[in-house]
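Reader: I am new to this structure. Could you walk me through the terms used for it?

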Amino acid sequence: MLAGLYKRYLGRFIFRKLNVVIGLTLLAVFISLGLLTYNKFYQLLERREVELLNTNTEKLELNLLDIVDRFKRETISIYKDTVVGQTVETNQYFLPGNIPSEGNEQQKLLEKRYFSTVLSLMLSRNPKADAFLFYRVQDQKLFLQSGPKQLQVDDSFNLPLFFSSFPQNYENPYLGQAGGLFQPTANAEETLIYFANPVFDLKSIRPDQVYGYYLMILDMKSLSDAVLAKQDTKSMLTIKHQGKLLFESDPQGERDKDSKGSSPYIEHTISLKQSGLEITGSKSKSDIQAKLGDIAVYIILILGFSWVICFVAIYSIQNIIVKRLKLMTRHFKKVQINPFTEPIQVQGEDEINDLMIGFNRMTSELQQFINRVYVADIQKRDAEFTAMKMQVHPHFLYNTLESLRMQAVIGDQNLLAEKLYRLGILFRWMLRTADDVIPIQEELQYTEYFLDLLMLGKSNRIAIQVESELDLSHCHMLKFSFQPIIENAIQHGELEKQEQPVIALHIARQADVLVIELSNNGQPINKEARKQLQEKLEHPDYLPQEHLGLKNLHERIKNYCGSEYGLFLAPVRENHDFGVVIKLPFEMLKGVSGR
């Protein structure tokens, strides 16, 4: 279907093809310009977003550094500060000797008020914290003071197992997700993490003995607002502690990579080496691209309008040229009908004007050639008459051969009589000019006669082996094509010196080409000689001293069938050291009987 449309609307019209090519080229150029412009705008916008992302991520870094410092100061206060009205530090309430007994309710009440006061002071000094809590290992007692969010500990949570996984040193705060420690709140999006340190007795002979833990609870969702705008769903925040994920603003795992494996986000990562924290802020590239939607529309409209204007201008210029070419075409048709038509009227002073002048000159010369052709035709007829007279002379040769054959028969020399008979048949066939194209079966038959006469008087006879699946009586080739190849094999390949000399023919059809491969088991030819022989065959103006028969056959086939056909060297095959391939048009020669 496409081929039909092409043939109907473009095949015969070169300027239509040119318009299509120019139009597509301009379209490709404008698309490239549009992509470059779009990419430049995107880079500018991306650079601005990167700077904003870096600024906000650094803000979060400062907030987290401030929180860590405040947590460390609160940790120190456990061992140094005392509450008004108390004479001991907070860490002393974790020691076994200071824990209220089971039945001492008054002491328990005082202890509860004390921890409530301490935790309230901590909350007041740390507005970014959501809660503080103490956990005492001895009696598994937990004291909690929460901010406005009113966090409540889940009673089903396994506190001993939870705190047993904590480290037992105070070099750096220990961070983690609060997980199921607290009961669910109304805000399902909040993510609670904790900063934790163990509680020791620094005055003891075993200062590394852990008596409890001190925790500060933070909602990372509120802290992430420093980086992410609420309406910006394409940006993300990730916080890790020592390689472990603490917080990710994309808990559903929507941070996928594209099909090429690259990340669809711009990122900025900051590491807090002292606390082991790593903050990564991300901005979706698709969100940036969405902001370029209006710019992309304007780019498409401007470039599209420019493309249409260029195409119309080119078409208008070509239309003027086409009109003048059509005028020339009409004049060509007139000259085709009547070579003695008046010259075309020259218009303009450009290349088409030169073409018109040249055509008028050619027409004038054509008229002169037509006047001379009658003389050439008479000369041709004289040459044909001379050739007809020369055809009488071979009859003398035929009669002489027939007389010799009869003398051999009378003298009872049957072998000689048979050879003379075949020689006569071969001469008649060679001198018969009616048919240039003959069936391959006929060529093989007379090739056998030729080889039989060539081997006369020789003991080591050459065999011909033919292999083909085609009906050779319906496949045609140029007459007397095998003879020069066989002579070349005997002369240069020293075929008679072989123990069992063989010339093998393989005949097959490849698409619309008839391929005839002739190979022999004579002397091999080296690579350099093969290369030189192929160059001699392909060189149009070279007449070699050797292999002249092959060269003449090659040129004969090319002149008769076309430059893509001819004689080529065949690849070396097992038991056959040299070969050639004849390529002929299958359909053109099929059924032709004379030319």
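Author: Start with the lining of the largest cavity. H12 supplies the largest share of that lining, four residues. Keep in mind that this is a predicted model.

Reader: What lines the second largest pocket?

Author: Its lining has 15 residues, and Arg12, Phe13, Phe15, Val322 and Lys326 lie nearest its centre. About 530 Å³ of space lies in this pocket. H2 and helix H7 (293–337) each supply at least two lining residues. H7 gives the most, with nine. By class, the lining has six nonpolar, four polar and five charged residues.

Reader: What does UniProt say about residues 20–38 and 295–317?

Author: The unreviewed UniProt entry annotates both as "transmembrane region". In the model, residues 20–38 are 100% helix and 0% strand, with end C-alpha atoms 26 Å apart. Residues 295–317 are also 100% helix and 0% strand, and their end C-alpha atoms are 33 Å apart.

Reader: Now the rings. Why is the pair of Phe94 and Phe134 called edge-to-face?

Author: A pair needs centres within 6.5 Å, and edge-to-face needs planes over 60 degrees apart. By this rule the count comes to 26 aromatic pairs. For Phe94 and Phe134 the centres are 5.6 Å apart and the planes stand at 70°, so the pair is edge-to-face.

Reader: Where do Phe94 and Phe134 lie in the chain?

Author: Phe94 is in the loop between helix H2 (14–80) and helix H3 (105–125), and Phe134 is in strand S1 (residues 131–136). They are 40 residues apart, and the pair links distant parts of the chain.

Reader: How do you know whether Phe94 and Phe134 are buried or exposed?

Author: Buried means under 20% relative accessible area. Phe94 has 1% relative accessibility, so Phe94 counts as buried. Phe134 has 0%, so Phe134 counts as buried.

Reader: What makes the pair of Phe115 and Phe143 stacked?

Author: Stacked needs planes under 30 degrees apart. Phe115 and Phe143 have 20° between their planes and 4.2 Å from centre to centre, and the pair is stacked. Phe115 lies in helix H3 and Phe143 in strand S2 (residues 141–146), so the pair ties together parts 28 residues apart in sequence.

Reader: Are Phe115 and Phe143 buried or exposed?

Author: The cut-off for buried is again under 20%. Phe115 is at 0% relative accessibility and therefore counts as buried. Phe143 is at 8%, so Phe143 counts as buried.

Reader: Which residues form one aromatic cluster?

Author: Phe94, Phe134, Phe115 and Phe143 are among them. The cluster also includes Phe71, Tyr93, Tyr114, Phe132, Phe195 and Tyr214.

Reader: What makes the charged end of Lys583 sit over the ring of Phe568?

Author: NZ of Lys must be within 6 Å of the ring centre and within 35 degrees of the ring normal. The charged end of Lys583 is 5.3 Å from the centre of the Phe568 ring, and sits over that ring.

Conventions. Residues are numbered from 1 along each chain as its sequence is written. This is a predicted model: local features need pLDDT of at least 70, side-chain atom pairs count only at pLDDT 80 or more; totals for chains, interfaces and linings use all residues. Side-chain values use heavy atoms; hydrogens and water are left out. Rings of Phe, Tyr and Trp (its six-membered ring) pair if their centres lie within 6.5 Å; planes under 30 degrees apart count as stacked, over 60 as edge-to-face and the rest as tilted. Buried means under 20% relative accessible area, exposed over 50%, partly exposed in between (1.4 Å probe, protein chains only). UniProt positions are given in the numbering used here, feature names are shortened, and annotations may be inferred rather than shown by experiment. On a 1 Å grid over the protein atoms alone, a cavity is a set of points where a 1.4 Å probe fits but cannot get out, and a pocket is an open set with protein on both sides within 12 Å along at least five of seven lines; lining residues have an atom within 4 Å of a point. Grid points are joined across faces, edges and corners, and a volume is the space filled by probe spheres set on the points. Ala, Val, Leu, Ile, Met, Phe, Trp, Tyr, Cys and Pro count as nonpolar, Asp, Glu, Lys and Arg as charged, and the others, Gly among them, as polar.
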